[in-house]
Amino acid sequence: MESTDTDVDGQPEVHIRRVEQPDLPDLLRMVTALTAHYGDPARVSLDTLARDVLGDAPWLLTLVAEVGGSLVGYAASCPPAQMHFGLRRLYLQHLYVDPEVRGSGIGRRLIEASTSLARALDCDFMVVGTEPDNPAAQAVYVACGFEALPSDGSHFWKKVAPPQNADVQNS
């Protein structure tokens with residue numbers, strides 16, 4: 001999964017792609033920055049990142065945003081299921097964009113790429129949570145087509161359309 005976007009106003013191209021081994025130091029920097037923002041101590045290491053985001057069956061499906069050769073954001077999702085209902089969902093666990101480029105649409109592009117990933121994985125819906133006192137993030141998710149779940153207003157869901165090749169039969 002890779003997407004390239006060029007803004008008409010001359011902004012640099014943004015590449016959204018899956019995380020790769022050379023990205024791990026920058027990913028560690030961003031994960032640490034996100035947890036510091038919420039006052040949580042980061043306990044993650046390069047080894048645990050490699051274990052969790054790379055390999056044949058990664059625990060976290062991780063996309064990165066690259067601008068001008070530098071990573072500036074990431075989205076990490078995990079795929080829980082409701083086996084008894086035959087439903088798949090993708091939980092957007094982390095979304096981070098460097099402060100210097102916030103407001104430029106990179107977060108929305110990461111959300112859109114995560115939605116495309118959910119669609120490619122034949123998920124029925126996506127779920128994301130925010131801090132209850134983060135109306136800016138909540139507004140972004142609503143603008144991206146998510147609906148607030150009836151709770152404290154900090155959890156959202158979005159139905160995901162079936163993949164383009166939905167004619168594949170399950171056995």
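Keep in mind that the model is predicted. The count of salt bridges comes to six, the count of aromatic pairs comes to two, and a search of the whole structure finds zero disulfides.

**Salt bridges: arginine 29 and its partners**

- One partner of arginine 29 is aspartate 26, and the closest N and O atoms of this salt bridge are 3.7 Å apart.
- Where do aspartate 26 and arginine 29 lie? Both belong to helix 1, which spans residues 24–37, and they are three residues apart, or about one turn of the helix.
- Aspartate 26 is partly exposed, with a relative accessible area of 31%, and arginine 29 counts as partly exposed at 35%.
- Arginine 29 also forms a salt bridge with aspartate 98, where the closest N and O atoms are 2.9 Å apart.
- This second pair links distant parts of the chain: arginine 29 sits in helix 1, while aspartate 98 sits in the loop between strand 6 (87–97) and helix 3 (106–120), 69 residues apart.
- Aspartate 98 has a relative accessibility of 6%, so aspartate 98 counts as buried.
- Which residues do shared partners join into one network of salt bridges? They are Arg17, Glu20, Asp23 and Glu66.

**Cysteines**

- A disulfide is a covalent bond between the sulfur atoms of two cysteines.
- How many disulfides does a search of the whole structure find? The search finds zero.
- Cysteine 123 counts as buried, because its relative accessibility is 5%.
- Cysteine 144 is another buried cysteine, with a relative accessibility of 11%.

- Helix 4 covers residues 135–143, and its buried residues are Ala137, Gln138 and Tyr141.
- What do the buried residues of helix 4 pack against? They pack against strand 6, helix 3, strand 7 (125–129) and strand 9 (155–159).
- Glycine 145 follows helix 4, and its phi is positive, near 95°.

**Aromatic rings**

- A pair of aromatic rings is described by the distance of the centres and the angle of the planes.
- The count of aromatic pairs comes to two. In the pair of tyrosine 141 and phenylalanine 146, the ring centres are 5.6 Å apart and the planes stand at 75°, so the pair is edge-to-face.
- Tyrosine 141 is one of the buried residues of helix 4, with a relative accessibility of 6%.
- Phenylalanine 146 is buried as well, because its relative accessible area is 3%.

Methods:
Residues numbered from 1 in each chain as written. Predicted model: local features only at pLDDT ≥ 70, side-chain atom pairs only at ≥ 80, totals over all residues. Heavy atoms only, no water. Disulfide = S-S within 2.5 Å. Buried < 20%, exposed > 50% of the residue type's maximum accessible area, 1.4 Å probe, protein only. Salt bridge = Lys/Arg side-chain N within 4 Å of Asp/Glu carboxyl O. Helix = DSSP H or I, 4+ residues; strand = E, 2+ residues; numbered from the N terminus. Contact = heavy atoms within 4.5 Å. Phe/Tyr/Trp six-rings, centres within 6.5 Å; stacked < 30°, edge-to-face > 60°.
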